[in-house]
Amino acid sequence: VGLLLEAVADHQKFSFREDVANKGKFCNVGTWAWSRHPNYAGEILLWWGIFLACSPVLEGWMWIALLGPILITVLILFVSGLPILEASADKRYGTNSDYRAYKDTTSVLIPLPPGTYEQIAPPIRAVLLCDWPIYSKEGADGYSAVE
């Protein structure tokens, strides 16, 4: 499921970027209407799925394999994935009202049907959807990215 989600999301974004009519626009079609980073959701799901599939045969030192999905998850959530891309998108599209609406109504990582995200209380979003303040570099106007 993770590999499929990642591949579909990457293909959709590639196709979106290839269309000249979308030049300068942010991608919010297909899986991107359900999550601001569906490819990363797929990547994390893929690594955890591989670990879970292998876990029944792990013994002793082989449990070090748990470091793989943990490392990927930490990198995507806190280092080289979401924080950098969210800051970049805020900087590029932060003054665009359609982008602001998209960001306010679309989960940062976990895919949810359109219209669902904004109905979930912010504390629940943080716990269940990994939607933390580190992904919003907002200034006085609410959407100016920190440079």
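**Helix pair**

I looked at helix 1 and helix 2 and found that their crossing is left-handed (the near helix is turned anticlockwise from the far one by less than a right angle). This is a predicted model: local features need pLDDT of at least 70, side-chain atom pairs count only at pLDDT 80 or more, and totals for chains, interfaces and linings use all residues. Numbering starts from 1 along each chain as its sequence is written, and side-chain values use heavy atoms, without hydrogens or water.

The axes of helix 1 (residues 2-18) and helix 2 (residues 38-54) come within 7 Å and cross at roughly 160 degrees. I therefore log helix 1 as roughly antiparallel to helix 2 (angles over 145 degrees). Helix 1 makes the contact (heavy atoms within 4.5 Å) through residues including Leu 3, Leu 5 and Ala 9. On helix 2, Ala 41, Leu 45 and Leu 46 are among them.

**Ser 107**

Next I checked Ser 107, in the loop between helix 5 (97-105) and helix 6 (122-129). Is Ser 107 buried or exposed? Ser 107 is buried, because its relative accessible area is 1% (the cut-off for buried is under 20%, with a 1.4 Å probe and protein chains only). A polar atom of its side chain lies 2.7 Å from the backbone oxygen of Ile 110. The backbone nitrogen of Leu 109 lies 3.4 Å from a polar atom of the Ser 107 side chain. Beyond neighbours within four places in sequence, Ser 107 contacts Trp 34, Ser 35, Arg 36, Leu 112, Tyr 117 and Leu 129.

**Ile 70**

Last, I found Ile 70 in helix 3 (residues 67-79). Ile 70 and Gly 60 are ten residues apart in sequence, and 18 Å apart in space, C-alpha to C-alpha.

Key: Helices (H or I, at least four residues) and strands (E, at least two) are DSSP runs, numbered from the N terminus. Buried means under 20% relative accessible area, exposed over 50%, partly exposed in between (1.4 Å probe, protein chains only). A polar contact is a pair of N or O atoms within 3.5 Å; within protein, one must be able to donate a hydrogen and the other to accept it, and residues adjacent in sequence count only if both atoms are side-chain atoms. Axes are lines fitted to C-alpha atoms, for helices over the stretch in contact, and angles run from 0 to 180 degrees between N-to-C directions. Angles under 35 degrees count as roughly parallel, over 145 as roughly antiparallel, 65 to 115 as roughly perpendicular and the rest as oblique.
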